[in-house]
Number of protein chains: 2
Amino acid sequence: MTVDQRGGARRRPGRPPRSEAGDTKALLQNAALRLFARHGFAGTSIRAIAQEVGLSESVIYAHFANKQAVFEAVLAEFGPRTHDRGELGPGPAADDPAPYLLALARTALEEWDREEARLLMSLMARDGLLHSAALQEALSAMRHSVEALFERWIEAGRVRRDLGTPQSLALSFTGPIGLTRIMCLHAEATEDQRAAARADILDHVATFNRAVFGGATARS
Amino acid sequence: MTVDQRGGARRRPGRPPRSEAGDTKALLQNAALRLFARHGFAGTSIRAIAQEVGLSESVIYAHFANKQAVFEAVLAEFGPRTHDRGELGPGPAADDPAPYLLALARTALEEWDREEARLLMSLMARDGLLHSAALQEALSAMRHSVEALFERWIEAGRVRRDLGTPQSLALSFTGPIGLTRIMCLHAEATEDQRAAARADILDHVATFNRAVFGGATARS
DNA sequence: ATTATCTATAGATCTATAGATAATGC
DNA sequence: ATTATCTATAGATCTATAGATAATGC
């Protein structure tokens, strides 16, 4: 009788016919991601998640052990990947620093600007996940891989040795990118804000490249 | 009878004698800040706040209209200042860029490493305040004031004009500082993590200064 | 009389479970 | 028989209010 999101009357009791069946678990996880991103874990009720999909709240317990398990499933499905971070594949042009860094940034941007990634960012900016050990590790892994690049470039004479440690250079390069991502590439940002954020990041990379690699890349 | 935080038996009914009176409102706000920082708004109950101070939960309504009002009072008291941002006072040495930027960073660090500021950071990293209009504005104000500095320095020939726009330079300078603050200067960070964060920030500033102002500052 | 606390409680959630119901697939 | 849903409900919170109680300050 009651009209709901799924667009129709409330279901009757009993298993629904094949024609109406969907991937309920996936629908629930998706709804949960959106609601957790908007209202946080404590601010999202089991009831709200089920309602969003147009189902009775008890159906959640057929798919998840409890509310916490829903959150963990969302993180496992959409959460930060631990593997395949930062490397851009085996080696397009890692020995030409400036273009390589630009390509790295572009790749990251493409990944981070996806809706799913933005929802995840909003979720992390609630619930304190920004400070969770998991994210800190993912971030530090990413940072280490960039440090390794600078170390190599210093050895190869592509970066003035007196400029700073590989650690410091890596932070100077990734900092503005990471900050802009956290602050602007989230679920509530408008398309305009996101476009500005992407431009800011690319401008930073260009400025960084000019300051660190000087005219070397452009002229020699 | 029940022992509580304030260290004693539960109060009896009736106004407490002068000897036991404290600034209840301030105590409540302080407890609320800590709990909101740890568990978020929705994850913190009125009950938990009162309990933390060792009072009955109904006492909260003598001091605040409702739960939301507690949150707003906490933000008003501890929240991001809109005024007196970034300027370091009228003018210590704004025309010698490198030392000025270093002083700017040191001042910010001192402010941000205070316990209260760290609690606020944790609070913002829950409840989505990181993406609130209020913080975005505070941040953009800070950024603009740094942009103005770079603009002045470019005009004065202290920064190579072809390096990048004032906007881009400002982001390249403040990005690593802001990111490190958000990620490391929060309530749950250990003293070691915070020390590393402070060192990272100062290293970045040094690297930035060398890359952007080159030997000019050191030698001429 | 006013102020600052308490106790008790109403009413609204919220999580989770038990048990009914109807379609499916063997 | 199994699966995927529902209805109904228990029990635990949670917010907020009403009304009692005792110290304070005039």
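Reply: Of the contacts in chain A with a separation of 6 or more, 67% come from residues 24 or more positions apart. A contact here means heavy atoms within 4.5 Å. This is a predicted model, in which local features need pLDDT of at least 70, side-chain atom pairs count only at pLDDT 80 or more, and totals for chains, interfaces and linings use all residues. Residues are numbered from 1 along each chain as its sequence is written, chains are lettered from A and ligands numbered from 1 in the order in which they are written, and side-chain values use heavy atoms, with hydrogens and water left out.

Chain A has ten helices and zero strands. Along the sequence, the pattern reads α-α-α-α-α-α-α-α-α-α. Helices (H or I, at least four residues) and strands (E, at least two) are DSSP runs, numbered from the N terminus. Of the 220 residues in chain A, 44% are buried. Buried means under 20% relative accessible area, exposed means over 50%, and partly exposed lies in between, with a 1.4 Å probe and protein chains only.

Next, confidence. pLDDT is the predictor's confidence in each residue, from 0 to 100. Chain A has a mean pLDDT of 89, and 87% of its residues reach 70 or more. Within chain A, helix 3 (residues 60-63) has the highest confidence, at 98, and helix 10 (residues 216-219) the lowest, at a mean of 40. Residues 1-9 of chain A stay under 50, and the model gives them 17 contacts beyond four places in sequence. Residues 216-220 of chain A also stay under 50, with four such contacts.

A residue is near a strand if one of its heavy atoms lies within 4 Å of it. DNA strand C is surrounded by 29 residues, and the closest are Arg12(A), Arg18(A), Arg47(A), Tyr61(A) and Ser56(B). Of the atoms of DNA strand C that come within 4 Å of the protein, 67% belong to sugar and phosphate. By class, this surface has ten nonpolar, ten polar and nine charged residues. Ala, Val, Leu, Ile, Met, Phe, Trp, Tyr, Cys and Pro count as nonpolar, Asp, Glu, Lys and Arg as charged, and the others, Gly among them, as polar.

Polar contacts come next: pairs of N or O atoms within 3.5 Å, where within protein one must be able to donate a hydrogen and the other to accept it, and residues adjacent in sequence count only if both atoms are side-chain atoms. Lys67(A) puts a backbone N or O atom 3.0 Å from a phosphate oxygen of DNA strand C. Thr24(B) has a polar side-chain atom 3.0 Å from a phosphate oxygen of DNA strand C. A polar backbone atom of Arg15(B) lies 3.3 Å from a base nitrogen of DNA strand C. Helix 2 (46-53) of chain A and helix 3 (60-63) of chain B are the elements that give two or more residues to this surface.

Turn to DNA strand D. Around it are 29 residues, with Ser56(A), Arg12(B), Arg18(B), Arg47(B) and Tyr61(B) coming nearest. Sugar and phosphate supply 66% of the atoms of DNA strand D that come within 4 Å of the protein. The surface near DNA strand D has ten nonpolar, ten polar and nine charged residues. Arg12(B) brings a polar side-chain atom to 2.8 Å from a phosphate oxygen of DNA strand D. A polar backbone atom of Arg15(A) lies 3.3 Å from a base nitrogen of DNA strand D. Helix 3 of chain A and helix 2 (46-53) of chain B are the elements giving two or more residues here.

Last, some context from the protein itself. Asp127(A) has a positive phi of about 55° although it is not a glycine. Asp127(A) sits in the loop between helix 6 (115-124) and helix 7 (133-155) of chain A. At 19% relative accessibility, Asp127(A) counts as buried. Met124(B), in helix 6 of chain B, is buried at a relative accessible area of 4%. Beyond its neighbours within four places in sequence, Met124(B) is in contact with Ala125(A), Leu129(B), Leu130(B) and Leu135(B).
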